Amino acid sequence: MKTSNTTEVANTKDEVFITHIFNAPREVVFKAWTEPEQLLRWFAPDGCTIDFKNINVQTGGTFHSCIHDPQFGDCWCKGTYLEVIYPEKLVYTMALTDEHGNDLESAVDAGKDANMPRETVLTVTFAEYGNQTKLTLHQTMPEDIAKQTGAYQSWIKMLHKLEELV
């Protein structure tokens, strides 16, 4: 399914799959995904902001962030970078936590839908596409849950915000 001139989504039953073409070199897009000062400008759903308690983008590095949502409150998340290959690939976990970084028993403890996975793995690849960059995103979250929780829609909107940044 095509949602704009540059974004395509093809979700499977078991994961979210999105591709997006950026009118920028892949090094620029990769840096926007890995530099904290740039992430602050686009990595949050519309109307929300994000802060990082810490972020260390390297294989084995971690992050702890909070998305401030004026409607639903704060949502804390932490993760571990499983693979960082500049400027080609990022693989990292995303897990719901409390503000101290403690794991939650379920998504309900974070005010989320009970069916939302407490932890997902995100794989993002950055491929040269002429003078552009083809970004491919996979998230280990069932399609219906992603749509039900708004995660799916948020990815599309955040990628469009990133497009404006790069």
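Begin inside, with the largest cavity, which holds about 70 Å³ of space. A cavity here is a set of points, on a 1 Å grid over the protein atoms alone, where a 1.4 Å probe fits but cannot get out; grid points are joined across faces, edges and corners, and a volume is the space filled by probe spheres set on the points. By this rule there is 1 cavity of 30 Å³ or more. The model is predicted: local features need pLDDT of at least 70, side-chain atom pairs count only at pLDDT 80 or more, and totals for chains, interfaces and linings use all residues. Residues are numbered from 1 along each chain as its sequence is written, and side-chain values use heavy atoms, with hydrogens and water left out.

Strand S3 (49-55) and strand S6 (89-97) each give at least two residues to the lining. Helices (H or I, at least four residues) and strands (E, at least two) are DSSP runs, numbered from the N terminus.

Next, select Tyr86 and Pro87: the peptide bond from Tyr86 to Pro87 is cis, with omega near -15°. Pro87 sits in the loop between strand S5 (73-85) and S6.

Now go to the largest pocket, with about 840 Å³ of space. A pocket is an open set of points with protein on both sides within 12 Å along at least five of seven lines. Of its 36 lining residues, select Pro45, Ile67, Cys75, Lys112 and Met116, the closest to the pocket centre. Which element gives the largest share of this lining? It is H4, with 6 residues. By class, the pocket lining has 19 nonpolar, 9 polar and 8 charged residues.

Stay with Cys75, which lies in strand S5. Is Cys75 buried or exposed? At 16% relative accessibility, Cys75 counts as buried (under 20% relative accessible area; exposed is over 50%, partly exposed in between, with a 1.4 Å probe and protein chains only). Leaving out residues up to four places away in sequence, Cys75 touches Ser65, Cys66, Ile67, Leu96 and Lys112, where contact means heavy atoms within 4.5 Å.

For another buried site, pick Thr136 in strand S8 (residues 132-139); its relative accessibility is 13%.

Finally, zoom out and show the cartoon. The protein has 4 helices and 8 strands, running β-β-α-α-β-β-β-β-β-β-α-α from the N terminus on. Its radius of gyration is 15 Å, close to the 15 Å that the globule rule gives for 166 residues, so the protein is as compact as a globular protein of that length (taken over C-alpha atoms; the rule is 2.2 Å times the number of residues to the power 0.38). Buried residues make up 42% of the 166.

Definitions and conventions: 1 Å grid on protein atoms, 1.4 Å probe; cavity = no way out; pocket = protein on both sides within 12 Å on 5 of 7 lines; lining within 4 Å. Nonpolar A, V, L, I, M, F, W, Y, C, P; charged D, E, K, R; others polar.
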